Every structure is written in C-alpha cells, then in structure tokens.
Amino acid sequence: MVQALVIAVVAAAAVGALYLAAAARVVRQYERGVVLRLGRLRDEVRPPGFTMVLPGVDRLRKVNMQIVTMPVPAQDGITRDNVTVRVDAVIYFKVVDPASAVVEVEDYRFAVSQMAQTSLRSIIGKSELDDLLSDREKLNQGLELMIDSPAVGWGVQIDRVEIKDVSLPETMKRSMARQAEADRERRARVINADAELQASKKLAEAASEMSAQPAALQLRLLQTVVAVAAEKNSTLVLPFPVELLRFLERAQQGAPAPEVAQAPDAGSRAGPAGDPGTPAPDGARPAESGTPAPRPDASSKPYAHH
C-alpha cells in the first residue's frame, strides 16, 4: 500500500514536472509575449520574465521591441527634371503595439521594407535633382510620413528615414562638373573686376594727392626704381619727369649768351671749294692758303723807322 502511494506521488511529480516544462516560458527584457489561446488573441500582453501558458492550448508569440535598422534596396527612377538616378536609403523603426504587429500583418518587417521601396520611388519622381542632392532633410521627412501612415495600423512606428546615396550617370557628373567650374570662374572674374574697381579708386585718390605735391612724384619714382632694382634685371628704363625737363629749359632761356673770344692774329678761314673766303686783314697771312700772300705796297703805308 505504501509502495503504491509512493509510486503515485512520483508519477504525479513527474507529470507536474513535464507540465511545468511544457508550460513555462521566458520572455526577455526587450521582448513582449502575445498569447493566442485556441487561435484567439488574449487581451493581456506578457511582460518580460517568467510566464506560464497552457500546453496544447496557448501559443506564445514573442515580438522584438528593439529599434530595427533596415536598408532599403537602391531604386532606379527619373526625377521631375528628367534625370535618371539611383537612390538607396535606410529606415529605422520599432514595434509599439505587439498585438497589432502579430494580428494585423503577416510579416511586419517585409511589409515595412516594401512600403519603403515604393515610397522611395514615389519621392524620386516628385523631386528634382537639386533637391535630392542638397535638400535631403525635407525629402527624409516626406519619406518618413509616407511610410509611417500605413505602418501605424500595423503597430509599427517609423523612427527615422535617411537617404544614403544618390548615384548619377557619368555624363551627368561631367556636366555638373563643367557647370560648377564655369560658376567658379564667373565668381572669380567678378571678384577680380571688383578688385580692379577698388584699386582704380584708390589710385585716383593717390594721384590727386600727389598732384598737389610735385616732390611726391619724385619719391614715387625713386620707390619704383628701388623695387625694379631689387629684381636684379639687366635693363632698367628710367623715365624723366616732364617737370624736370621744363625746369632745365627755363634755366637755359634765362642765362646770358656767352661772348666769343677772337685771337688778334687769326686770319679768316677759306670756305669750301668754289666759295670765296672772307678777306683777311692787312698784313695777315691766310691760315690755310698754299701760296704766299702778296706783300703790301710801300706807298700805301709808311714804314716805321727804328
């Protein structure tokens, strides 16, 4: 009798252990448990920790509540300004209602992925190329709203959507590079012209100041000579100021004419061939004549007796 009772207790304990092993469930911290009893959803959601279900009657579905990072495959599309691009993105989402994520949609991950791809293609068709390249924040917000609208009914919340990369054809890249180069060249020319205008104004002011003081022109000339000589050039062109030439001209006009001193015994030189020379004074011998001059007549002038 006692042996039969012991066997019954051991059998009951074994059955209880088997039942406990079959009914015990552990829900991790980042998960929530959704129980379906005979195919019907139970109202309560099992919190993290140890929980029990009815074996063969209840079915426990664990739903991950962490933020999921899902890459969106690259989508080919044509922008509103007829440019072919290839855009890929990444989406961040999490489950906020485990019961809806289990009941309302078959696979919420696959559903979010397909919705993200269709929304991305729609955004490409509605946007221009400049918006895809420069105004991504606005496109990200629009893409997030497009995905979040149907995802709310699935118990999923879209946390963030980011456009990762925009691939362009090689011809478009070259065209954009030429456009950027032309724009930079235009800005460089405008800046250079502005600098020339400012320099001309400053030069005009400097010229007006120098015109009042002639000595300033001389100083500026010397500064220019010093600057040119520092380069060790072989040729140095030094201009003379007009004021210096005028000063020398006025000085020459104001000086008296020099007197010509004439030797007492100098004769007149004969002119060129065929041109008679100036007659020499009496008693003087021509300087360049080859024949001796005739002696003066004795009756013309009296002799001096010593």
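Guide: Gladly! Helices here are DSSP runs of H or I with at least four residues, strands are runs of E with at least two, and both are numbered from the N terminus. This is a predicted model: local features need pLDDT of at least 70, side-chain atom pairs count only at pLDDT 80 or more, and totals for chains, interfaces and linings use all residues. Residues are numbered from 1 along each chain as its sequence is written, and side-chain values use heavy atoms, with hydrogens and water left out.

Visitor: What makes arginine 189 and glutamate 185 a salt bridge?

Guide: A salt bridge needs a side-chain nitrogen of Lys or Arg within 4 Å of a carboxyl oxygen of Asp or Glu. The closest N and O atoms of arginine 189 and glutamate 185 are 3.0 Å apart, so the pair qualifies. The whole structure holds 10 salt bridges.

Visitor: Why is arginine 189 called exposed, and glutamate 185 partly exposed?

Guide: Buried means under 20% relative accessible area, exposed means over 50%, and partly exposed is in between (1.4 Å probe, protein chains only). Arginine 189 has 57%, so it counts as exposed. Glutamate 185 has 42%, so it falls in the partly exposed class.

Visitor: What does the salt bridge between arginine 37 and aspartate 58 tie together?

Guide: The closest N and O atoms of arginine 37 and aspartate 58 are 2.6 Å apart. Arginine 37 lies in strand 2 and aspartate 58 in strand 5 (residues 58-64), so the pair ties together parts that are 21 residues apart in sequence. Aspartate 58, at 9%, is buried, while arginine 37, at 26%, is partly exposed.

Visitor: How do you know that strand 2 and strand 3 pair?

Guide: Two strands pair if DSSP finds at least two bridges between them. Strand 2 (residues 31-37) and strand 3 (residues 40-46) have four bridges and run antiparallel, so they count as paired. One of the bridges joins glycine 33 to arginine 46. These two strands form a hairpin with two residues between them, and leucine 38 in the turn has a positive phi of about 55°.

Visitor: Which strands does strand 7 pair with?

Guide: Strand 7 (residues 84-95) pairs with strand 6 (residues 68-78) in the antiparallel sense over nine bridges. Strand 7 is also joined to strand 8 (residues 156-167) by 10 bridges, again antiparallel. There, valine 95 stands opposite valine 156.

Visitor: What makes a group of residues a nonpolar core?

Guide: The members must be buried Ala, Val, Leu, Ile, Met, Phe, Trp, Tyr or Cys residues joined through side-chain atoms within 4.5 Å. The largest such core has 35 residues, and Val85, Ile91, Phe93, Tyr108, Val156 and Ile158 touch the most other members. Helix 3 gives the most to this core, with seven residues.

Visitor: Why is serine 100 called buried, and what is it in contact with?

Guide: Serine 100 has a relative accessible area of 16%, which is under 20%, so it is buried. Contact means heavy atoms within 4.5 Å. Leaving aside neighbours within four places in sequence, serine 100 is in contact with Val105, Gly153, Trp154 and Gly155. Serine 100 itself is found in helix 2 (residues 98-103).
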